[in-house]
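Biologist: I have not worked with this structure before. Could you take me through it in short steps?

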Amino acid sequence: QVQLVESGGGLVQAGGSLRLSCAASGSAFSIAKMDWYRQTPGKQRDFVARITSSGFTNLADSVKGRFTISRDNTKNTMYLQMNSLKPEDTAVYYCNANIRPEGGRWGDYWGQGTQVTVSS
């Protein structure tokens, strides 16, 4: 059973920084693309950033120049460095990954989410 676990959320003042982590654990598996999404109450889950297995990245316009996505394939972990945080970045952040367990099929996996709150 493969699991994704996020960490690193918290409360920060506007202009501050946080670094989120998303670690995949379980039995042998392969990971393709990994994404970050965020969601506020009553709204849809929005795309934030993507990183492919080869390191190609894509970020939402709202976070370009402030957020950086990276991954360490040796640790099966993805990161989101968030700088110059704004109150509108407040949300629950979720990681998502395309994973194939050994002997299994490619599937879409989600973490449980981590709360980020930015105070003004």
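**Charges over rings**

Modeller: Please keep in mind that this is a predicted model. To begin, Arg19 lies over the face of Tyr79, at 4.0 Å from the ring centre.

Biologist: And which ring does the charged end of Arg45 sit over?

Modeller: The charged end of Arg45 is placed over the ring of Tyr94, 3.6 Å from the centre of that ring.

Biologist: Which residue forms an aromatic pair with Tyr94?

Modeller: Tyr94 pairs with Trp110 in an edge-to-face arrangement, with 6.5 Å centre to centre and 85 degrees between the planes. Tyr94 lies in strand β9 (residues 91-101) and Trp110 in strand β10 (residues 107-110), so the pair ties together parts that are 16 residues apart in sequence.

Biologist: Is Tyr94 buried or exposed?

Modeller: Tyr94 counts as buried because its relative accessibility is 14%, and the cut-off for buried is under 20%. Trp110 is partly exposed, at a relative accessible area of 38%.

Biologist: How many aromatic pairs are there in the whole structure?

Modeller: The search of the whole structure finds three aromatic pairs.

Biologist: Changing topic: how many disulfides does a search of the whole structure find?

Modeller: The search finds one disulfide. It joins Cys22 to Cys95, with an S to S distance of 2.1 Å. Cys22 lies in strand β3 (residues 18-25) and Cys95 in strand β9, so this pair ties together parts that are 73 residues apart in sequence.

Biologist: What about the handedness of the link, and are its two cysteines buried or exposed?

Modeller: The link of Cys22 and Cys95 is right-handed, with 55 degrees about the S-S bond. Both Cys22 and Cys95 are buried.

Biologist: What does Phe67 touch?

Modeller: Not counting residues up to four places away in sequence, Phe67 touches a set of residues that includes Val48, Leu59, Leu80, Met82 and Tyr93. Arg38, Gln81, Asn83 and Asp89 are also among them.

Biologist: Which way do the side chains point along β7?

Modeller: The side chains along β7 alternate.

Biologist: How do β7 and β8 pair?

Modeller: β7 and β8 pair in the antiparallel sense over six bridges, and Ile69 stands opposite Leu80 in β8. The two strands form a hairpin with four residues between them. In the turn, Asn76 has a positive phi of about 50 degrees.

Biologist: One last residue. Where is Arg66, and is it buried or exposed?

Modeller: Arg66 is located in the loop between β6 (57-59) and β7. Arg66 is buried, with a relative accessible area of 10%. Leaving aside its neighbours within four places in sequence, Arg66 is in contact with Gln81, Met82, Asn83, Ser84, Leu85, Lys86 and Asp89.

Note on methods. Residues are numbered from 1 along each chain as its sequence is written. This is a predicted model: local features need pLDDT of at least 70, side-chain atom pairs count only at pLDDT 80 or more; totals for chains, interfaces and linings use all residues. Side-chain values use heavy atoms; hydrogens and water are left out. Rings of Phe, Tyr and Trp (its six-membered ring) pair if their centres lie within 6.5 Å; planes under 30 degrees apart count as stacked, over 60 as edge-to-face and the rest as tilted. Buried means under 20% relative accessible area, exposed over 50%, partly exposed in between (1.4 Å probe, protein chains only). A charge sits over a ring if NZ of Lys or CZ of Arg is within 6 Å of the ring centre and within 35 degrees of the ring normal. A disulfide is a pair of cysteine sulfur atoms within 2.5 Å. Contact means heavy atoms within 4.5 Å. Two strands pair if DSSP finds at least two bridges between them.
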